[in-house]
Amino acid sequence: MDPSEVEFLAEKEMVTIIPNFSLDKVYLIGGELGPFNPGLPVDVPLWLAINLKQRQKCRIVPPEWMDVEKLEVIREQERKEDTFTPIPSPYYMELTKLLLNHASDNIPKADEIRTLVKDTWDTRIAKLRLSADSFVSQQEVHAKLDNLTLMEINTIGTFFTDSLNNLFKIRANLQPRGESTMSQEY
Amino acid sequence: MADTMGGFSDSEDESQELMTPAQLIGKLEEAWLNEKFAPELLENKSEIVECVMEQLNHMEENLQRSKKGDLRATIHRMETERIRYVLSSYLRSRLQKIEKYFPHVLEKEKSRAEGEPSYLSPEEYAFAKEYYANTETFLKNVALKSMPPNLQTVDLGKSVPKPNLDSFVFLRVKERQENILVEPETDEQREYAVDFEEGSQHLIRYRTVAPLVASGAVQLI
Amino acid sequence: MFCEKAIELIRELKRAADGQLPAFNEDGIRQVFEEMKALYEQNQMDVNVAKSDGRSDLIPTIKFRHCCLLRNQRCIAAYLCVFYDRLLRIRALRWEYGSVLPTAIRFHMCAEELEWFNQYKKSLATYMRSLGGGGGLDITQDMKPPKSLYIEVRCLKDYGEFEIDDGTTILLKKNSQHFLPRWKCEQLIRQGVLEHVMS
């Protein structure tokens, strides 16, 4: 999956905004939104929140977990443990990126938040690389991946599945097999 | 401008469940992800495709009538763009697999028993047959025609590789499953069983979980 | 040496960069076929002679030619494979360039490949038209997930007033930059009035 597609999925997450306009309920195909009244918080999907923010029609309320102290605790735990810490949002990376890029003025200590999230991400990815290497070299056929987010799985995923599939092909080709005339690779 | 709302059902097709539009979109997204990550072509979901297109067309009609630059209209338009993207991507995934495995896809459809679910929609079937004929004609004209008699045929079924069902996939469990049998890689390892807890995520060979993908018990990610 | 041409053709095709469609080597393939044909005919003649005259001394030659023929056959099979690979690249062109191919690319295709491409795009068009109970959907569009509906644009020429959201109008003067709804800009971008500024 392209990272832009993971981001696309992340944009469905609900966030709270404070609109500066009025609008009656909107009946989207995917559900109801609003009504919108100036100054009153309302939950909308991230894709809409970002757009309204761009058009200066709202202020975005950062999610509860997007807080320096809370993120420091998570980063520490991630660095201490060998296993993956449960993180507060399955789309923590994408939400941080989108909100900090488009609504940093609504987010207290935005730079610190950015650093904390990146550090946590780096630690997790490093752990994931180790797990992936060991999985491949031990010739495992199953792994449990709870607590991993889609973006993390996606980042390591192609390397993983490709190298596993190639190993399988190599092993299978060591056994006698009928020849295939057409190109294997698309 | 009238907004669509509420539930609906397709009374012509008795296998259609009563579903809200929101659930319908959810089902489309599930089908999209499954098709994207499954190595083989999955069962076709024509009813979902048709219902989603109906929703999109209806919304498009409403939008035509709306005031230019209306905020409400732009919100609806953003949503329909998102849905249309998922739908297009889903159909593209399927087409790519149909083209990649075309002799096998057609063979599977031809040898399907009465009452078994169809893998190809009628439109996809027509496309697949044309693709086969077109490619066969091409190979005949460009190479085989000029070759000595004993080399003139090519068995496309044997020449075009089949999908690799042993490829690894990532999944999330939607319905708890017990005793999934995991076959080992090497001779020294033994097979073992794992339980799939609801909400857990796994990396495993597609072949092991193919029926669970079809039934909706797991979601490929 | 027999089979050299076939091997050379395969190497040539494999050398082409990923996704690129090299020119169709008509001469090359014809030479391979002629070689195969000559080998085959010579073999047939010798087999007949060997049978009728009892010429067992011809048999090693026949075997050698047969080996060459088999090797050529494998080369051809591999070449078909590469032809097929070309076909896949041609297929990709429909999705990348649309139904009208740039002239430069067309020159790299032989008549049969052009014919395949024409049939393919017809099939695809029929399929897309039939989607959703006849309403149709162009799935060659929307190749990327939609991003923000608004984009940053720079005005390349004086255009004048332009109506946007909520009925408000903006003045598009050369070099002015604006943040506008994407669908409204698309036509002006195509016309060269606006330019999308990537952030």
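These notebook entries record what I looked up in a predicted model.

**Conventions**

I note that this is a predicted model in which local features need pLDDT of at least 70, side-chain atom pairs count only at pLDDT 80 or more, and totals for chains, interfaces and linings use all residues. Residues are numbered from 1 along each chain as its sequence is written, chains are lettered from A and ligands numbered from 1 in the order in which they are written, and side-chain values use heavy atoms, with hydrogens and water left out.

**Entry 1: two helices of chain A**

I looked up helix α1 (residues 3–10) and helix α4 (residues 92–103) of chain A, whose axes come within 9 Å and cross at roughly 85°. Helices here are DSSP runs of H or I with at least four residues, strands are runs of E with at least two, and both are numbered from the N terminus. Axes are lines fitted to C-alpha atoms, for helices over the stretch in contact, and angles run from 0 to 180 degrees between N-to-C directions. α1(A) and α4(A) are therefore roughly perpendicular to each other (65 to 115 degrees; under 35 is roughly parallel, over 145 roughly antiparallel, and the rest oblique).

Which residues meet? From α1(A) I list V6(A), E7(A) and A10(A), and from α4(A) E94(A), L95(A), K97(A) and L98(A); contact means heavy atoms within 4.5 Å. Four of the contact residues are nonpolar, none is polar and three are charged. Ala, Val, Leu, Ile, Met, Phe, Trp, Tyr, Cys and Pro count as nonpolar, Asp, Glu, Lys and Arg as charged, and the others, Gly among them, as polar.

I then checked E7(A), which lies in helix α1 of chain A. E7(A) counts as buried because its relative accessibility is 9% (buried is under 20% relative accessible area, exposed over 50%, partly exposed in between, with a 1.4 Å probe and protein chains only). Beyond its neighbours within four places in sequence, E7(A) is in contact with E94(A), K97(A), L98(A) and K147(C).

**Entry 2: a sheet in chain A**

I found an open sheet of three strands in chain A, ordered β4-β1-β5, with antiparallel pairing; two strands pair if DSSP finds at least two bridges between them. β4 (42–45) and β5 (58–61) of chain A stand at the edges with a single partner strand each, so one side of each has no neighbour in the sheet. The twist averages 45° from one strand to the next. Four bridges join β1 (residues 14–19) of chain A to β4(A), and T16(A) stands opposite D43(A). Helix α2 (residues 46–54) of chain A packs on this sheet, touching β1, β4 and β5 of chain A, and its direction makes about 105° with that of β4(A).

**Entry 3: a sheet from chains A and B**

I read the order of a second open sheet as β6(A)-β4(B)-β1(B)-β5(B), again with antiparallel pairing. Its edges are β6 (142–144) of chain A and β5 (218–220) of chain B, each with a single partner strand, so one side of each is left without a neighbour in the sheet. Neighbouring strands are turned by 30° against each other on average, direction ignored. Three bridges join β1 (residues 168–173) of chain B to β5(B), and L171(B) has L220(B) as its bridge partner. Helix α7 (residues 206–215) of chain B lies across β1, β4 (201–205) and β5 of chain B, at about 120° to β4(B).

**Entry 4: E29(B)**

Not counting residues up to four places away in sequence, E29(B) touches K12(A) and V86(B).
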